[in-house]
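Biologist: I am new to this structure and would be grateful for a close look at a single part of it.

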Amino acid sequence: MSRTTARNAARVLLVGVGGLGSPAALALAHAGVGTLGLVDDDEVELTNLHRQILFGAADVGEKKTAAAEAALVRIPRPSPLTIVTHDTRLLPENAAALVARYDLVVEGSDNFATKFLTSDACALAGVPVVHAAAVRWHGTVLAVAAHGRPCYRCVFEDFPEGAPPNCAEAGVMGPMVGIVGAVQADLALAILDGRDVAGTLVTFDGKTDAVRRRVIAPRKSCPLCGPERAIFAIDTARYAQDAGHG
Ligand SMILES: [Zn+2]
């Protein structure tokens with residue numbers, strides 16, 4: 001299958017259509033991805049506009065999924081773009097069924113509960129996922145292959161102690177999410193194009209503009225992908241901590 005055909009046929013699910021999901025979705029739509037699924041239950045707020053570049057002032061108060069769909073279908077493309085909106089959060093009850101409908105997941109949520117849930121659901125479904133986060137001046141992107149090793153839990157074992165800052169509370173510079181979301185889309189396209197980017201971890205330091213790329217090693221004691229694996233299903237209690245979208 002040619003690269004163009006593969007992209008046209010690809011179904012990509014974006015978990016979170018905010019600061020990271022906006023530039024990632026734009027890049028994927030421009031690159032010819034055939035179907036984009038959008039998961040978000042938030043409405044556009046005025047304070048989002050500096051970093052959530054899919055939205056304009058007229059979208060304030062609208063559902064992010066609907067506003068994003070309206071922006072994405074305006075993109076001129078040689079092939080049609082199908083948008084599927086899922087006006088919900090990714091939840092333990094719906095995660096497995098949702099990710100199984102897609103070839104690839106692009107996770108740009110802003111809380112650890114959703115990040116770990118996405119990681120686990122993708123591993124269980126055998127769906128590759130590219131995770132991204134941006135808080136204050138620090139951005140990270142991690143590509144996880146369909147076989148799921150190494151994975152998000154190899155890097156981040158479990159929920160951090162105490163309440164972690166999310167971008168709404170800690171703040172994030174608008175250009176940070178543009179750069180990190182674009183790297184995320186780039187790794188997603190690499191996976192769709194059949195390139196081996198498993199375990200690629202890209203970090204971006206917004207204070208120095210330094211980008212670092214390395215390939216992480218699988219963690220032997222990883223509960224999701226290691227030989228001592230302990231996670232075999234989506235257990236709702238595991239994702240009880242939720243900082244919320246922002
Ligand atoms: Zn792992």
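Which residues does Leu54 touch, not counting residues up to four places away in sequence? Please also describe the surroundings of that residue.

Modeller: Please note that the model is predicted. Leaving aside residues up to four places away in sequence, Leu54 touches Val17, Ser22, Ala25, Leu26, Asp59, Ala68, Ala71 and Leu72. Leu54 also belongs to the largest nonpolar core, which has 42 residues. Together with Val12, Leu28, Val33, Leu36 and Leu72, Leu54 is among the members that touch the most others in this core. Helix H8 supplies the largest share of the core, namely nine residues. There is also a second, separate core of 30 residues, and Val15, Val127, Leu142 and Cys225 are included in it.

Helix H2 spans residues 21-30, and seven of its ten residues are buried, so the helix is largely enclosed by the rest of the structure. After H2 comes Gly32, which has a positive phi, near 100°.

Cys225, named above in the second core, is also a donor of the zinc ion, alongside Cys151, Cys154 and Cys222; each donates through SG, and the donors lie 2.3 Å from the ion. The angles among the four donor atoms are 95 to 125°, which makes the arrangement tetrahedral.

Definitions and conventions
Residues are numbered from 1 along each chain as its sequence is written. This is a predicted model: local features need pLDDT of at least 70, side-chain atom pairs count only at pLDDT 80 or more; totals for chains, interfaces and linings use all residues. Side-chain values use heavy atoms; hydrogens and water are left out. Donors are N, O and S atoms within 2.8 Å of the metal (3.2 Å for Na, K and Ca); water is not among the atoms, so sites may look incomplete. Four donors count as tetrahedral if all angles lie between 85 and 135 degrees; four count as square planar and six as octahedral if opposite donors are over 155 degrees apart and all others between 65 and 115; anything else is irregular. Buried means under 20% relative accessible area, exposed over 50%, partly exposed in between (1.4 Å probe, protein chains only). Helices (H or I, at least four residues) and strands (E, at least two) are DSSP runs, numbered from the N terminus. A nonpolar core is a set of buried Ala, Val, Leu, Ile, Met, Phe, Trp, Tyr and Cys residues joined through side-chain atoms within 4.5 Å. Contact means heavy atoms within 4.5 Å.
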